[in-house]
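Hi,

Here is the structure I promised to pass on.

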Amino acid sequence: MTDRAQDNLAASPASGILDQGDVPGAARRQLIVVALALLLVLLAATLFLEYQNAAPDAPIVAESTLGRLGVWMAEQSALEAPISLLGQFTRAQAVAAGQSSLDVATVNNAMRGGLSIYLLTTVALGIIGLVGLLRAANWTRPVLLAALILLDVLVFVLPPLDGNDVQLRLLVGIVLLLAIMLYAPGKVSRLMGFFVVISSLLVAWEAFKAFGAAVNYQITLPQSGWTYRSYETLDEGLAALQAGDIPALIIDQNDIEDLLAPHPNDDGVDAAALPYPTLRYLLRLENDTRILGLPIIPAFPGRLTVVVNEGDVARWSHTNDLMAQQPGTVKASFAEERFLAQERKLVLLDLRITNDTNMPHLQSMALALLQPARRNGEFLLIRILGQAALFTWAEAGLGFISGALLGFLLGTVFAHSRLLERGLLPYVVASQTIPILAVAPMVVIWLGASPASVAVIAAYLTFFPVTINTLRGLTSPHPNALELMQSYAANWWTVLWKLRFPAALPYVFTALKVSATASVVGAIIGELPSGIADGLGRAILNFNQYYSSDPARLWAAILVAAVVGISSFLIVSLIERIVLGRRVQAQ
């Protein structure tokens, strides 16, 4: 064996499972990874068998994203002339079958069959990946990446159902696949790293939601409860308070306002004319109970009050003062059932952010995209948002090009004039300290409510990073290189084109990738004061108004906006790779 072959043999395990320097450890590691891969294949197989054998009206089919889409498609098949392409396709299928319309069961059965094939493909990729692990083949990681992408898509398709562990198995499968890819042989590409991060975020999202629901959206520490006396009637409780049997009475304020005077008595109520002239209900009793800044639940309800004897009003300043005593209340009253009898807990961590309103399931977001934009409408939300995204993208593109040209021009001028750089650069920096929300309305007033004003707002966010990075790039050549160009009697244009500009390209493209996403943000913000109804800004504003009742639609619009920004970034990255070529590939 040659020295080169020996070096390759020694180096190959670093990207695979085996390790020649630690054979027992490598064998153990290989056995664990293969076992994980086998478990992954079995999990995918159980998902395939469950969907293959499920009835069209089973919840795992009917409540899935495709199942709910099938209901809309069945409705569209009954129309004489559907407008949407998917509706036309469904209508054509009904006509070809000789039916006036397709029933939901028929459509869902087709959806179930397609999903079964999809799952079978995932199982096949898992098996191929298992073979690649056993053979330590370099093509293993790309195969596993394909399986990971298929599983990620299923997160947006399979429904989270009570009493069904389909989603749990799916998330466990993704986690297993991520662990396997960590030790699998093959090259780690940027695409692979991107999907590994995306997969981790998807799992973390659903796992965080599941954890929040499991602990009832709060992590708490038990506290000592209230000790109190219950009386059959309010009169019995007030009489016991007057007799000194209890130090205070906790009761609904509405029940005692006509029986005794408040304290302080700012309205001058005549206590002597009331049934209980020697008793007072406290209006300004502190009731915010916390330990080290952490709240205790249940909090003292605002409708309750504390009744005390007239001579004891100065004794009580906080509801905590009553904990060491034994107050009274009325049996089966609101005060007892909703406060005194409740288990007291110290809230260590509030996880209400994970509820379905604040964090909808990922499948709910996908479902929102594949449902009609309006009830019984003929267009899906994804089409409406897609058209809005293209409109916003055009505005952002115009602003991006304008801002990039302005930024490059300013950077070039600053690079050639130290006076202008020192005089104008501080103002360029100061322009970015002004909130875009303050600038946008002024631009709309100056230029009118039009796409041009939106493009100017997008350009406002775009030009700054291009200006700074262009200046940095044009001044980056080594002084020796500049002296060499001067020795050749090169004019400023030749120096710029032959030396400074090539050196500045990496800096410029870095700024352009940042500006590409910033221009999308600027376009969306610019659409709000301009009143343009065709872009993503208006869609986000509309869905924000109904967030409490239908949060998934707002999240769906945010996802579409994110896709637009990522697409802009990828286009600039592709142009960078084409222009810079090997320099980018070497990074």
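In which helix is the place of Val429? Val429 sits in helix H15, which covers residues 418-431. Keep in mind as you read that this is a predicted model. With a relative accessibility of 38%, Val429 counts as partly exposed.

Next, go to Lys209, which you'll find in helix H9 (residues 190-214). Is Lys209 buried or exposed? Its relative accessibility is 3%, and the cut-off for buried is under 20%, so Lys209 counts as buried. What does the side chain of Lys209 reach? It gets to the backbone oxygen of Thr354, at 3.0 Å. Setting aside the neighbours within four places in sequence, Lys209 touches Thr354, Asn355, Asp356, Met359, Pro360 and His361.

Now for a pair of helices. Helix H16 (residues 436-447) packs with helix H17 (residues 451-474) at an angle of about 145°, and their axes are 9 Å apart. The crossing of H16 past H17 is right-handed. On the H16 side the contact is made by Ile436, Val439, Ala440, Val443, Val444 and Leu447, and on the H17 side by Ser453, Val456, Ile457, Tyr460 and Leu461. Sorted by class, that contact has 10 nonpolar residues, one polar and no charged ones.

Last, the aromatic rings. The count comes to seven aromatic pairs. One of them is Phe408 with Phe501: the ring centres are 5.8 Å apart and the planes are at 90°, so this pair is edge-to-face. Phe408 belongs to helix H14 (residues 381-416) and Phe501 to helix H19 (residues 492-530), so the pair ties together parts that are 93 residues apart in sequence. Phe408 is partly exposed, at 28% relative accessible area, and Phe501 also counts as partly exposed, at 23%.

Then there's Trp493 with Trp497, whose ring centres are 6.3 Å apart and whose planes are at 5°, so that pair is stacked. Both lie in helix H19, four residues apart, which is about one turn of the helix. Trp493 is partly exposed, with a relative accessible area of 48%, and Trp497 is partly exposed with 48%. Ring pairs link Phe408, Trp493, Trp497 and Phe501 into a cluster, so try picking out those four together on your screen.

Cheers

Notes. Residues numbered from 1 in each chain as written. Predicted model: local features only at pLDDT ≥ 70, side-chain atom pairs only at ≥ 80, totals over all residues. Heavy atoms only, no water. Helix = DSSP H or I, 4+ residues; strand = E, 2+ residues; numbered from the N terminus. Buried < 20%, exposed > 50% of the residue type's maximum accessible area, 1.4 Å probe, protein only. Polar contact = N/O pair within 3.5 Å; in protein donor to acceptor, adjacent residues only side chain to side chain. Contact = heavy atoms within 4.5 Å. Axes fitted to C-alpha atoms, helices over the stretch in contact; angles between N-to-C directions. Left-handed = near helix turned anticlockwise from the far one by under 90°. Nonpolar A, V, L, I, M, F, W, Y, C, P; charged D, E, K, R; others polar. Phe/Tyr/Trp six-rings, centres within 6.5 Å; stacked < 30°, edge-to-face > 60°.
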